[in-house]
Amino acid sequence: MAVLDILVYPDPRLKQVSKPVEHFDDSLRSFVLDLEETMRAGPGGVGIAAPQVGYFERIVIVDVSGKPKIKQHGRLVLINPEIISQEGSAVGREGCLSVPEYTGNVTRAKFITLRAQDEFGKICEFQMERYEARAVQHEMDHLDGLLLLDRLVSRRDLFRRQSQEATTPKPKTS
Amino acid sequence: MKKWFMLTLVGKDRSGIVAQVTRALYEGECNLGEASMVRLGGNFTVMLMVQFAGNEQALDDLIGPVSRSFDLRHHVDAIEGELLHHVEPDVRITVYGADRSGIVAEITGTLTEKGFNILNLESDVGGSTESPIYVMTIEGVAEQGVEILEEALQILAREKGLETQLEPIDTLIG
């Protein structure tokens with residue numbers, strides 16, 4: 001295993017769109033281990049996407065299990081992930097390993113249904129919410145060449161948006 | 001070597017001020033750091049970190065003509081410029097209520113007493129002429145934890161007829 005170098009904006013490679021993974025082989029699984037080690041090497045990182053280390057395939061890792069008292073699925077390797085439905089929206093503060101010394105407010109869907117493959121190619125579906133859903137959306141953006149910088153909302157929007165959020169209906173649980 | 005200065009300009013707002021001020025600074029071989037421009041009660045206000053090779057007087061002379069052309073008042077202070085060392089807020093507090101004197105002093109006095117260090121404060125006066133409302137958003141660091149702040153704010157809100165809301169800022173690093 002190895003800690004890989006992280007691309008830092010304004011590196012133009014962060015803006016490119018990554019390709020779907022086609023071969024679920026040992027070299028993929030070996031890369032996933034390196035990617036995970038890279039994520040855990042940084043302080044406080046809860047997710048990472050393959051293009052952040054210059055590997056332009058649709059692979060992300062998310063693990064928000066370090067946050068107490070939230071609904072989450074633990075360590076997740078998500079390959080070729082797709083959001084198949086989403087509901088609600090919330091503003092939250094995000095930072096990024098590829099954008100050091102900057103945090104900004106970003107609007108994300110509050111609830112998502114996600115379909116992805118694991119590192120063996122098995123298709124899985126997840127219902128996610130809030131912090132974990134935010135982490136997945138942040139990492140999936142990297143696969144399309146998008147950074148939190150592409151989605152900033154101003155501080156002044158915050159109060160208004162949160163007031164709106166209070167009226168958002170609860171999602172169906174089915 | 002270039003040193004850092006804080007340049008503040010205030011006056012009646014007109015369109016084109018920022019463009020002409022920053023053009024003059026650029027042509028005078030200044031580099032800009034962080035900046036905050038906001039209209040307060042229809043007045044133009046800006047604070048600009050400016051990196052400049054000369055002294056306060058030389059920067060004052062450089063900005064003088066454009067400042068006078070817009071009928072602005074300006075001020076230059078030598079400062080210690082510290083970029084890329086952001087302190088992250090961990091709590092956001094919103095306060096609103098019928099406008100009256102003393103709201104800011106009461107809230108910030110209580111927060112300071114309970115170990116809260118203010119990093120950002122913004123406020124607006126909205127509502128109608130007959131019954132204006134005061135809306136304030138504060139972000140900062142809760143050095144003695146969130147519970148003590150929440151309790152103090154609730155008591156203050158009850159006593160003073162204000163609405164307060166405290167919300168942890170859980171910055172996601174992905």
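Colleague: How many bridges join β6(B) to strand β7 of chain B?
Modeller: Eleven; β6(B) and β7(B), residues 132-142, run antiparallel. Keep in mind that this is a predicted model.

Colleague: Which residue stands opposite Leu121(B) in β7(B)?
Modeller: That's Ile138(B).

Colleague: And what packs on these strands?
Modeller: Helix α3 of chain B, residues 103-113, lies across β5, β6 and β7 of chain B, at about 160° to β6(B). Helix α4 of chain B, residues 146-160, packs on the sheet too and touches β5, β6, β7 and β8 of chain B. The direction of α4(B) makes about 170° with that of β8(B).

Colleague: In what order do the strands of that open sheet come?
Modeller: β6-β7-β5-β8 in chain B, with antiparallel pairing. The edge strands, β6 (116-127) and β8 (163-168) of chain B, each pair on one side only.

Colleague: Switching topic: which domains is chain B divided into?
Modeller: Domain 1 covers 3-78 and domain 2 covers 91-168. Their centres in chain B, taken over C-alpha atoms, are 31 Å apart.

Colleague: What about the open sheet with β1 of chain B?
Modeller: Four antiparallel strands of chain B form that sheet, in the order β2-β3-β1-β4. β2 (31-40) and β4 (73-78) of chain B stand at the edges with a single partner strand each, so one side of each has no neighbour in the sheet.

Colleague: And how many bridges pair β1 with β3 of chain B?
Modeller: Ten, in the antiparallel sense. Phe5(B) stands opposite Val50(B) in β3(B). Helix α2 of chain B, residues 56-69, packs on the sheet, touching β1, β3 and β4 of chain B.

How values were computed: Residues are numbered from 1 along each chain as its sequence is written. Chains are lettered from A and ligands numbered from 1 in the order in which they are written. This is a predicted model: local features need pLDDT of at least 70, side-chain atom pairs count only at pLDDT 80 or more; totals for chains, interfaces and linings use all residues. Domain bounds come from an automatic or database domain assignment. Two strands pair if DSSP finds at least two bridges between them. Helices (H or I, at least four residues) and strands (E, at least two) are DSSP runs, numbered from the N terminus. Two residues are in contact if their C-beta atoms, placed from the backbone, lie within 7 Å. Axes are lines fitted to C-alpha atoms, for helices over the stretch in contact, and angles run from 0 to 180 degrees between N-to-C directions.
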